[in-house]
Amino acid sequence: MIDHGHDLASVRDATDRLLTAAAELDNAAVAEPSRLPGWTRGHVLAHLARNADALVNVLEGRPMYASGEVRDAEIERDASRPLDVQLTDVRDSAAHFQETGAAPADWSRTVELRNGVTDSASRVPFRRWAEVELHHVDLGIGYELEDLPAEFAEREIDFLARRFSGHPDVPPTRLTDGTHAWRTGREATEPAVSVTGPAPELLGWLAGRRDGSGLTVRDGSLPALPPL
């Protein structure tokens, strides 16, 4: 069962970790490439701020973004700002998200995200938690997938495995870190590919952050995953 209050607290802690680490940068470092193709660290920080605003929109019943084009333009607009402005924006937008999450609400209601995707409102804090944790890694400033909280890693693997479940281009696949197991891909009308490895490697592959070379594959080849 999703505990949105617990997840909101986890978002706050993850945001504090990111802000503390990013405060060690300087303006030149913010303008350097991140680990995301075509994005500087400034793009990542700008995206985190605008994503917090967008999820406030979701919780308050408005469209997440006015359009994909507006989303991209806002990130591009804000990417080149100085470090202190970036950090203030991430901090203030995160605080607004927390305030919105703390307001009395029906957390069982269905909300709409991007591209017509719907979900329970109770899952929105976890979605924000994922944004903060994974983009902290994307900044390339010493926070790695191995540093992610174990609870988050397990839940994000489950989330991504469900996202690819039933996808016609992904063969039936069994994932395990030796303790937990997940299934994803097409319905099992054929033998399942078995993919084994540490949770950070599984998560990195599923999230498009690693190439899967740290995983062991049996009964087939490592599936090519469609973009998230």
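The side chain of Glu-201 makes a polar contact with the side chain of Arg-210 at 3.2 Å, where a polar contact is a pair of N or O atoms within 3.5 Å, and within protein one must be able to donate a hydrogen and the other to accept it, while residues adjacent in sequence count only if both atoms are side-chain atoms. This is a predicted model, in which local features need pLDDT of at least 70 and side-chain atom pairs count only at pLDDT 80 or more, whereas totals for chains, interfaces and linings use all residues. Residues are numbered from 1 along each chain as its sequence is written, and side-chain values use heavy atoms, with hydrogens and water left out.

Glu-201 sits in helix H8, residues 199-206; helices here are DSSP runs of H or I with at least four residues, strands are runs of E with at least two, and both are numbered from the N terminus. Glu-201 is counted as buried because its relative accessible area is 17%, the term meaning under 20%, with exposed over 50% and partly exposed in between, for a 1.4 Å probe and protein chains only. Setting aside residues up to four places away in sequence, Glu-201 touches Glu-146, Arg-210, Gly-214 and Leu-215, contact meaning heavy atoms within 4.5 Å.

Let me turn to Leu-139, which lies in the loop between helix H6 (124-138) and helix H7 (150-164). Leu-139 is buried, with a relative accessible area of 1%, and, leaving aside neighbours within four places in sequence, Leu-139 is in contact with Leu-18, Arg-41, Val-44 and Leu-45.
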